[in-house]
Amino acid sequence: MRETRETSSSTADPRQPPAVKPYAPPRILADELPFDYAGFLAVIFGITGLMFRYKICSWLAIIFVAKSLANMKNMENDLRQTFSAVS
Amino acid sequence: MAKPKLGRWQLAVQGCLSVRGDALFILLAVLFIFSFFLHEITRCSVVAADFEGFDADDLEYEDEANDAFHSQPLKKPPPPSTTFTQSSTPESHHSPPPQSSSDVPATASGEPAEKPYASSTLDFWDDDEFEGIPVQIEEPRPKSPPPSEPADVAGAGDGSTVQTTNRRWRHSSYAVEIVCISFLIVFAINFFIGKRQNELIALCWASQFATKDSIFDKNFSLLGTGDGKEDAPLLLKEGQDVFKFYASGRRYCQSLLATMELRSRHDLIARVMDLLLTKRDTITFEVAMNEDAMDHVVLAVARKKTARSMHKEAKDLQRFAAVMATPPHGRRWVAEDLMVVTESKEVAGDLITDVVIDQVFGEKAFDMFGKGFISLHFTDQHPGSRKKLLLLKFALPDANNMADMTRLVTLVPYYIDVIGRYKLSAQARTKTEAARVKAAQEAFKEMQSTRQEALQKRKSEKKKSSEEAAEGKQSAEAMRKKQEKERSRQMKKLTPKVKMLRSH
């Protein structure tokens with residue numbers, strides 16, 4: 001009995017159009033965003049480079065800014081969120 | 001055949017680039033570059049100033065000394081000042097006073113008048129104040145002739161060496177800039193190359209498993225995050241290395257979300273780090289089951305190391321499940337590499353069917369097809385908003401070999417059906433029920449305690465605010481009382497006169 005039931009339902013189309021749920025992207029608050037290490041390091045290097053006048057620190061800051069921009073994620077296409085994440 | 005498109009992300013990227021945030025970072029970068037150039041210019045100007053300043057001072061001293069000496073005839077012709085003009089060894093210039101003093105005893109017998117002049121030059125020459133000057137002053141002198149004759153590079157002596165050191169200094173000062181700018185150029189090139197590689201992998205997967213007549217098309221009525229029309233994009237690009245595929249409209253489950261996490265090929269620094277730490281392209285299927293479709297199931301299957309870490313990290317596995325050390329009797333079981341963590345052995349035995357063992361988890365099958373399998377986690381006590389979840393994690397093969405993971409991907413709809421239909425036996429149900437009731441009670445207690453804490457906080461805050469208001473009121477009332485008292489006193493002063501008059 002069980003097997004026939006299984007086979008019948010397995011051969012039947014598993015799709016159920018009325019049961020469709022549209023995509024709801026998970027809401028992530030700005031506080032809970034994954035920490036942007038590259039951006040943080042960029043700020044640290046930039047400040048060190050400006051304060052102590054080390055050339056290489058400032059160049060490393062620029063490199064880390066580039067890395068942070070490259071890893072930017074558009075979670076909800078929210079411009080404000082991406083701006084806060086980048087900054 | 002609809003080609004899978006990445007529509008949403010394109011709009012997002014365009015919107016992102018047009019935003020102020022990007023401009024702010026470009027401005028910051030420009031500020032940093034500007035600070036370097038300032039730094040370089042100030043350094044150059046300071047070094048030049050050293051030469052210029054002392055050059056002028058030296059000329060003055062030279063003239064005075066010359067005048068002082070020419071006014072009196074001298075036996076020994078070279079006065080200390082002229083030694084500056086000669087490009088002799090630097091050592092002689094370190095101590096002009098001793099030299100003049102050595103001059104003095106030589107000529108002391110003949111001209112005692114020389115002495116006061118020697119002492120006067122000594123006054124001009126304070127050794128401590130002008131230490132090191134003679135060396136520096138010497139350098140621009142030979143420097144001035146060579147720039148006028150740039151072809152004469154073979155000039156002997158200090159001049160040429162000084163000039164080449166200056167040239168070398170200029171070249172070496174830009175080494176850092178050259179290295180960093182070239183790194184940035186390589187970074188930009190790698191960004192576009194890596195981005196395309198990641199997109200290619202994602203599109204290959206989608207074309208294999210998500211397009212028309214593919215496995216997901218046959219199982220789900222809605223594919224992709226769009227409106228469900230023909231042109232809607234199938235994949236959602238969240239970042240340069242994260243892609244999502246959504247499907248819905250099937251029996252037993254609400255939705256399926258496949259998240260592809262690829263290596264960060266677009267980021268040069270991450271790419272270098274990946275050489276040290278091995279990271280694989282992974283795809284995680286998250287199936288949200290219907291409330292009535294899933295019975296009490298807490299089960300995880302993975303390689304031994306991964307299984308142990310999952311058992312420690314996942315709260316539901318920690319709480320409800322235990323490692324299944326011995327396989328069930330009289331049955332083929334999963335490969336040696338794999339470990340099963342389950343709440344109930346009976347449930348594990350029922351869910352890891354013979355079909356699955358033959359196809360994927362058995363010894364032979366696992367050697368052939370199991371390389372891409374990472375983990376499997378079925379739970380109805382998931383911590384978070386959705387309680388009933390099936391989580392399957394696989395490694396993605398190369399873009400050209402996508403068909404290798406077909407067997408693994410077929411596990412997904414297979415297990416949706418198996419778990420959707422599965423009902424626990426009475427024994428297993430009683431065992432699992434007890435643990436869950438306990439967990440539910442504890443959760444309820446925790447909720448109550450947090451609610452009480454929140455209420456207490458609110459009450460204390462209200463009290464504080466009311467007290468402050470009362471204090472404010474009291475101060476206002478005190479003022480009013482004082483004013484009233486004053487008025488009554490004034491009134492009293494006025495009224496008695498009238499009364500006295502009347503009485504009389």
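Is Y37(A) buried or exposed? In this predicted model, Y37(A) has a relative accessible area of 59%, and because the threshold for exposed residues is over 50%, Y37(A) counts as exposed.

How accessible is W205(B), buried or exposed? Its relative accessible area is 0%, so W205(B) is buried. F216(B) is likewise at 0% relative accessibility and therefore counts as buried. Both rings take part in one aromatic cluster, which also includes F209(B), F220(B), F245(B), F285(B), F361(B), F373(B) and F394(B).

Attention now turns to the strands of chain B. Strand β3 (residues 242-250) pairs with β4(B) in the antiparallel sense over eight bridges, and K244(B) has T259(B) in β4(B) as its bridge partner. The two strands form a hairpin with two residues between them, and in the turn Y252(B) shows a positive phi of about 70 degrees. β4(B) also pairs with strand β5 (residues 282-289), again in the antiparallel sense and over eight bridges. Here L257(B) stands opposite E286(B) of β5(B). How much of β4(B) is covered? Seven of the nine residues in this strand (residues 253-261) are buried, and the strand is mostly covered. As a general point, side chains in a regular strand alternate between the two faces of the sheet. The cluster described above has F245(B) and F285(B) among its members; residue 245 falls within the range of β3(B), 242-250, and residue 285 within that of β5(B), 282-289.

Charged groups meet an aromatic ring at F320(B). The charged end of R319(B) sits over this ring, 5.9 Å from its centre. R436(B) lies over the face of F320(B) too, at 5.2 Å from the ring centre.

Finally, an unreviewed UniProt entry lists residues 21-38 and 174-193 of chain B under "transmembrane region". In the model, the span of residues 174-193 is 95% helix and 0% strand, and its end C-alpha atoms lie 29 Å apart.

Note on methods: Residues numbered from 1 in each chain as written. Chains lettered and ligands numbered in written order. Predicted model: local features only at pLDDT ≥ 70, side-chain atom pairs only at ≥ 80, totals over all residues. Heavy atoms only, no water. UniProt positions renumbered as here; feature names shortened; annotations may be inferred. Helix = DSSP H or I, 4+ residues; strand = E, 2+ residues; numbered from the N terminus. Buried < 20%, exposed > 50% of the residue type's maximum accessible area, 1.4 Å probe, protein only. Pairing = 2+ DSSP bridges. Phe/Tyr/Trp six-rings, centres within 6.5 Å; stacked < 30°, edge-to-face > 60°. Lys NZ or Arg CZ within 6 Å of the ring centre and 35° of its normal.
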